[in-house]
Amino acid sequence: MAEIRKITVLGAGSGGRMCCADLGSRGYEITLFSRNMERIMGIKNHGGVEALDINSKPTGMFGKVALATDNLPEAIKGTHLILNPVPYTACEEYARMAAPHLEDGQIVVYLGKGGACLTWAKVLREMGIKKKIYLADTNTLPYGASKMGEYQVRLENRTQNLLLATFPGNDIDFIGPVMEILFPSELGYYIRRGQNAIDSILVDYNAITHTPPMICNAARIESGDKDFHLFGKRENTPGVVNLIKRIDRERMAIGEKLGLRQYTMEEEIMMVNWNPNGEDYVLPLYEAIHTPYLEVCEGPFTLKTRHLVEDVPYGLVTFSSLGKMVMVPTPTTDAVITLAEGLLDRDFRREGRTVESLGIEPGWSIDQLKKYLGEGSV
C-alpha cells in the first residue's frame with residue numbers, strides 16, 4: 001500500500017475546503033489549487049481552513065494548508081495523492097489541465113460523481129499519457145459542506161457510506177486501503193469497494209433523489225417559494241417518492257444485468273445512516289427518505305441548479321445510455337429527462353454523459369464491457 005503524506009486538492013469549493021480542513025487537521029501536508037487565486041487568498045493568508053458545525057459555530061477543527069496556489073504544475077509536483085472534488089461539469093477540464101504534469105505512480109481520486117475515473121482515463125489516453133496513474137472515484141462527496149467566508153467551511157454531515165470505484169477495476173485493492181485510511185471507520189465512514197466504475201455510476205444518490213422532487217415542484221421553485229425544502233415532506237409526497245423508486249429500480253436492473261450486487265435506495269439510506277452491514281430492518285422508501293438532517297436543507301430556489309443541470313445530463317442520461325447498451329428499459333428515467341429538457345429548454349441527451357463519452361463502445365457485448373472495466377482494455 002502506498003504511504004500517503006502529501007495530498008493535493010484540486011478545487012476550492014465546499015468539498016475542497018472541507019478536505020483541507022479535515023485532512024489538514026489530521027497531519028497531512030495539504031496543497032490547495034484553484035484556477036482563481038482570489039478565491040483562496042483568505043485561506044492562504046489565514047494559513048488554512050477552519051471548520052464550523054451545523055450551527056455555524058467553530059468546531060476547533062483547523063486544517064493547515066501548506067501551499068495555496070493557482071500554479072498547477074507546482075501543486076502536483078511530488079504529491080502522493082490528488083483529490084478532485086469539483087462538479088462533474090469541470091471534471092474533464094481538470095483532467096486535461098493536470099494530465100501533462102502527472103507523475104508515475106500518483107493516485108487521482110475524483111470525489112462526488114461516480115464514473116469520473118473513466119473520464120480521467122479517456123483524457124489521459126487521448127493525450128498520450130503513458131505513465132501509470134492510479135484512477136478512482138466515489139459516488140458522492142465524503143461530506144455535506146458549505147463554503148463560509150474567506151477561509152471557513154460548514155461541516156453538515158459526513159457521508160458514512162462511500163462507494164469507491166477504480167479504473168481499471170483491478171486497481172481497487174491498491175487504492176482501497178489508501179481511502180480507508182483517509183476516511184476511517186473511527187470517523188464513521190464505511191468504504192465499499194466497487195467491482196468496477198459502473199458500480200459508482202449507478203449508486204448516484206443525487207440523480208435518483210434530486211430530480212423527481214425538482215420536476216414535480218417546478219412551479220414552486222421557479223416562483224421563488226422560500227419555504228421550499230428539496231427533501232421536505234410537503235415536497236416528497238408518496239407520488240413523488242414513487243417516481244424516485246421507479247428510477248431506482250431501473251438503475252438496479254442495469255447493474256443486475258452486468259452482474260453487480262445492487263441495493264435498493266431504501267437499503268442505501270439505511271447503510272448511510274445506521275448500519276453499514278445492512279442487516280437491520282429496512283424502512284419503506286417513503287419513511288426512509290424523510291430523515292431530519294435532510295429535511296432541514298432549504299432550497300434550491302431556481303431550476304438552473306446542479307440538482308437538474310448536473311444530475312440529469314451526468315446522472316440520468318448516463319443511466320439511460322447504459323440501459324440502451326445492455327438492453328434494459330428505462331421509461332421513467334427517460335420521462336424525467338424529457339421533462340427536465342422541456343423545463344430548461346436544454347438538450348440534455350446531446351449534452352450529457354453517454355457510454356461513448358466515457359470511452360465505451362456501445363456495440364460491445366456485456367463480456368467485452370466487463371473486461372474493459374476490469375482490465376482497462378477489451
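Before looking at any helix pair I wrote down the convention that a crossing is left-handed if the near helix is turned anticlockwise from the far one by less than a right angle, and right-handed if clockwise. I also noted that the model is predicted, so that local features need pLDDT of at least 70 and side-chain atom pairs count only at pLDDT 80 or more, while totals for chains, interfaces and linings use all residues. Residues are numbered from 1 along each chain as its sequence is written, and side-chain values use heavy atoms, with hydrogens and water left out.

**Entry 1, helix α8.** I took helices (H or I, at least four residues) and strands (E, at least two) as DSSP runs, numbered from the N terminus. I then looked up burial (buried is under 20% relative accessible area, exposed over 50%, partly exposed in between, with a 1.4 Å probe and protein chains only), and found 11 of the 12 residues of α8 buried, among them Tyr205, His210 and Met214.

With axes as lines fitted to C-alpha atoms, for helices over the stretch in contact, and angles running from 0 to 180 degrees between N-to-C directions, I found that the axes of α8 and α10 (residues 238-257) come within 9 Å and cross at roughly 140 degrees. The crossing is right-handed. Taking contact as heavy atoms within 4.5 Å, I listed residues including Ile208 and Pro212 of α8, and Leu243 and Arg251 of α10.

I counted strands as paired if DSSP finds at least two bridges between them, and read an open sheet of 8 strands with mixed pairing, in the order β5-β2-β1-β6-β7-β8-β11-β12. β5 (67-69) and β12 (190-193) each have a single partner strand, so one side of each is left without a neighbour in the sheet. Within the sheet, β7 (residues 107-111) and β8 (residues 134-138) pair in the parallel sense over 5 bridges, and Ile107 stands opposite Tyr134 in β8.

Not counting residues up to four places away in sequence, Ala116 touches Tyr88, Cys91, Tyr110, Asp137 and Arg353.
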